[in-house]
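The following exercises are to be worked through with the sequence and the structure at hand. Each task is followed by a solution in steps.

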Amino acid sequence: MRTNRLKGSLSLGAAVILTLLSASWGQNTPGQQEKWMGTESHIGNLTGHASAAKTDYRRYCTGCHGDLGDGQGENAPWLDPKPRDFTIAQFKCRSTPTGTLPTDEDLYNTIARGLDNSNMPPWNTFTKQQRADLVAYVKHFSAKWQSEKSGTPIQVPPQPEVTADRIQAGQALFKRLECWKCHGVEGRGNGPSADTLTDDLNRPIKPFNFHDGTRFKCGTSNADLYKIFMTGLDGTPMPSFADNVKPEEAWDLVLYLRTLQPMNTKEKQIAKQLGLKPIDPNAPAPAAAPQQ
Amino acid sequence: MTSLRRNLAGALLVLLVMSSFQRAHALPAFARKYGLRCSACHEAWPMLNYFGQKFKDNGYQLMNDRDAPIWQNPSYWPVTFRITPLWHRESTDKVSVDTSATTTMERQITSHGFDLSGLDFHTGGTLEKNISFYVLPSSNAAGQFHFETVMARLDNLFGSPWLNVKLGKFELDNLISEKRILTLTNISGVYQTYHFRPPGDSNFYGQMGDNQLGVEYLGHSANDRSRVSAALLSTSDGQVGLPSSNAYSGFFTASQAFDVGKFGVDRVGFYAMVGEAPTFFLTTLGGPVATPFGTNSGGGNKTFSREGFVGLFYFGKLDFLALTQHGTDSAFFATTPSSPANQPLPAGLRSPTWNGYMVETHYVYSPQLIFLQRSEFERVSQQGVPGTPSNMGNLNMFTFGYRWYPIMTSRAGFAWHNEYSWLRQRGTAPDGLDLTSSSLLLGFDFDF
């Protein structure tokens, strides 16, 4: 009887241990993270040290991103979108191709710039050294940074001149790539798929509304916007279009998207002169011009 | 002279009592709104760090497109209260006490016991993107309320951080904020340098630590490294109801911060307060003149000025706040009461002038534990009344202590505060000797 009870207890214990092990599979333990405290970052002439950012991380970041960098800070339940989980080393704002790690400079810029439409503010009061140290600290949370290198930044060709033809070509691309399905025909983030979108962790996520605000998630410049759809926003439904569009087409799309924003830009003025109307998804594609 | 000294001693005590437990701004309501811990904005609450200063300069906005109230749950109301139950011991030597119906003697008076600070209700934030406000009804320990701060602000006009305009009653743009002071005793609850006046000086309008009524322009760079502000103020020391005169003052400040690598960010700045204040008040039947619209019967305005340099120096966990200030009042303010400017200045009176020096040191062991000390020295460089001992009124103040924050969340603040302060003022005891006071405070400082 006692033997059976003992066996039962052992089986139960083993089951509990296995369950705990499987639950933590793939996650980094605090012990592992401590080993990676020697992680460095390199931004220009700056070298950041994870160990130097311990206090700053605790002071500024823990509340949202959590002590273990798992995005489970005390405020996480109340935030939308949720804070980044650094342990999986997946980042939206990159200059590198989709699926790759960002450069140290990408993370460095994100800290200073903040992330629009989120609770992440611009931490531009930090010194450069503080930011570099925090980049190293962010990296120390994930094993991925120990085994993989950052991706190679994509090349952003020089911006072409803003012309009516390019803006119209960009609008045609907006329709062909079906950007409107998420972002809506007017770019208001209200496309037919908008309410069904989820991120990689199956949490609801809203597409960007171009009419709301002047900044994008990952920057304010045309080059930033170019990078967003050539690298994608990893972890979100926004894919990379690097394999689908040519660089010059990407620039056309950038110029068209600028016409949707509230600022009075050159692109917007040209769109006004053209009398550019929102796309009609059901309209047939214009016939190709006859060959001469 | 003896009665002057007795009055001065009394005035000092009144000043100490008035300055006791000045409340500071620290808003868990902001932390709740944005999901940031207190430590994100405060070096140790209520003292701001550079990020918190930028947040304030932006009109209590993080500038992340979530600043408008529409982003908040409709039930959110940005209100915070703060109070400090405490035990304190106060001691002052050379207090005149009766020994019989006709005789007095000086002796040390020490009192101690459990007590309360005043209560503050802070509410502030945005009415809309780039329109912010702050309202602070504040009470003394007996529960008598007044408006410590009431202001609305237009932020980032024309999209520029260099254009912000504030109207109401507010703290001057002091680079070392008295309203966010970390020291709490009856002696250290204010910066002596911001309030000091030489013996007999009757101009109480130049107290930069007091919130003032007026309009303020403030501009700053995007990362807040460069800051400049100018304010036009009613010379009323923040009292509502037009109680004093049709006089105005100006307050100007400019500062620049520098990135000093691994040490952090240092800041140096300059400020000046210049203005006019009344030297007499009209009376009717010996009492103050009153109209349906106020008791604004002051006249004979004369000038005063305060100029200072400020430095905030960081060396990793150690930082120093340094301040030096020069003060000048018109000779008409050299005595109490002041000499009416509609009559000739009594012979011999001169402009009282003085210099103040202050160094406050913090050792931030962690975001939850800070050790601090402050030393202040006020030196009269010219007495207003000839024949007054040159060092009379000179003041030394020292305080040291620590604050321990056992919790560090975005919902509430709690600190165990322990501090000892000591003050000595030359020649102001009834017997003409130095007057010395000390204060010990242990308390739970909390807000929610």
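A residue counts as buried if 20 or more other C-beta atoms lie within 10 Å of its own, as exposed if 12 or fewer do, and as partly exposed in between. The model is predicted.

**Exercise 1.** Determine whether Asn117(A) and Ala89(A) are buried, exposed or partly exposed, and describe the backbone at each.

*Solution.*
Step 1. Asn117(A) has 19 other C-beta atoms within 10 Å and is therefore partly exposed.
Step 2. Ala89(A) has 20 other C-beta atoms within 10 Å, so Ala89(A) is buried.
Step 3. Asn117(A) is not a glycine, yet its phi is positive, at about 60°. Its place is the loop between helix 4 and helix 5 of chain A.
Step 4. Ala89(A), likewise a residue other than glycine, has a positive phi near 50°, and it lies in the loop between helix 3 and helix 4 of chain A.

**Exercise 2.** Locate a cis peptide bond in chain A and another in chain B.

*Solution.*
Step 1. In chain A, the bond from Asp80(A) to Pro81(A) is cis, with omega near 0°. Pro81(A) belongs to the loop between helix 3 and helix 4 of chain A.
Step 2. In chain B, Thr336(B) and Pro337(B) are joined by a cis peptide bond whose omega is about -5°. The loop that holds Pro337(B) runs between strand 19 (318-329) and strand 20 (353-366) of chain B.

**Exercise 3.** Describe how helix 7 and helix 10 of chain A are arranged.

*Solution.*
Step 1. The axes of helix 7 (residues 164-176) and helix 10 (residues 247-258) of chain A come within 7 Å and cross at roughly 95°.
Step 2. Angles of 65 to 115 degrees count as roughly perpendicular; helix 7 and helix 10 of chain A are therefore roughly perpendicular to each other.
Step 3. Residues of helix 7 of chain A in this contact include Ile167(A), Leu173(A) and Phe174(A), and those of helix 10 of chain A include Leu253(A) and Tyr256(A).
Step 4. By class, the contact comprises seven nonpolar, two polar and three charged residues.

**Exercise 4.** Describe the side of chain A that touches chain B, and the largest nonpolar core.

*Solution.*
Step 1. In the contact between the chains, 25 residues of chain A meet 26 residues of chain B.
Step 2. Helix 3 of chain A gives the most to the side of chain A that touches chain B, with six residues.
Step 3. That side of chain A divides into eight nonpolar, 12 polar and five charged residues.
Step 4. The largest nonpolar core has 49 residues, and Val135(A), Val138(A) and Cys41(B) have the most contacts inside it. Helix 5 of chain A gives the most to this core, with six residues.

**Exercise 5.** State how many residues of helix 4 of chain B are buried, and what they pack against.

*Solution.*
Step 1. Eight of the eight residues of helix 4 of chain B are buried, so this helix is largely enclosed by the rest of the structure.
Step 2. Among them are Tyr50(B), Lys54(B) and Asp57(B).
Step 3. The elements of chain B against which they pack include helix 3, strand 1 (42-44) and strand 10 (212-220).
Step 4. Just after helix 4 of chain B, Gly59(B) takes a positive phi of about 80°.

**Exercise 6.** Identify where in chain B the pLDDT stays under 50.

*Solution.*
Step 1. Chain B has a mean pLDDT of 90, and 93% of its residues reach 70 or more.
Step 2. Over residues 11-24 of chain B, however, pLDDT stays under 50.
Step 3. Where pLDDT is low, the predicted coordinates should not be read in detail.

Technical notes
Residues numbered from 1 in each chain as written. Chains lettered and ligands numbered in written order. Predicted model: local features only at pLDDT ≥ 70, side-chain atom pairs only at ≥ 80, totals over all residues. Contact = placed C-beta atoms within 7 Å. Helix = DSSP H or I, 4+ residues; strand = E, 2+ residues; numbered from the N terminus. Nonpolar A, V, L, I, M, F, W, Y, C, P; charged D, E, K, R; others polar. Core = buried A, V, L, I, M, F, W, Y, C linked by C-beta atoms within 7 Å. Axes fitted to C-alpha atoms, helices over the stretch in contact; angles between N-to-C directions. Parallel < 35°, antiparallel > 145°, perpendicular 65-115°, else oblique. pLDDT = per-residue confidence, 0-100.
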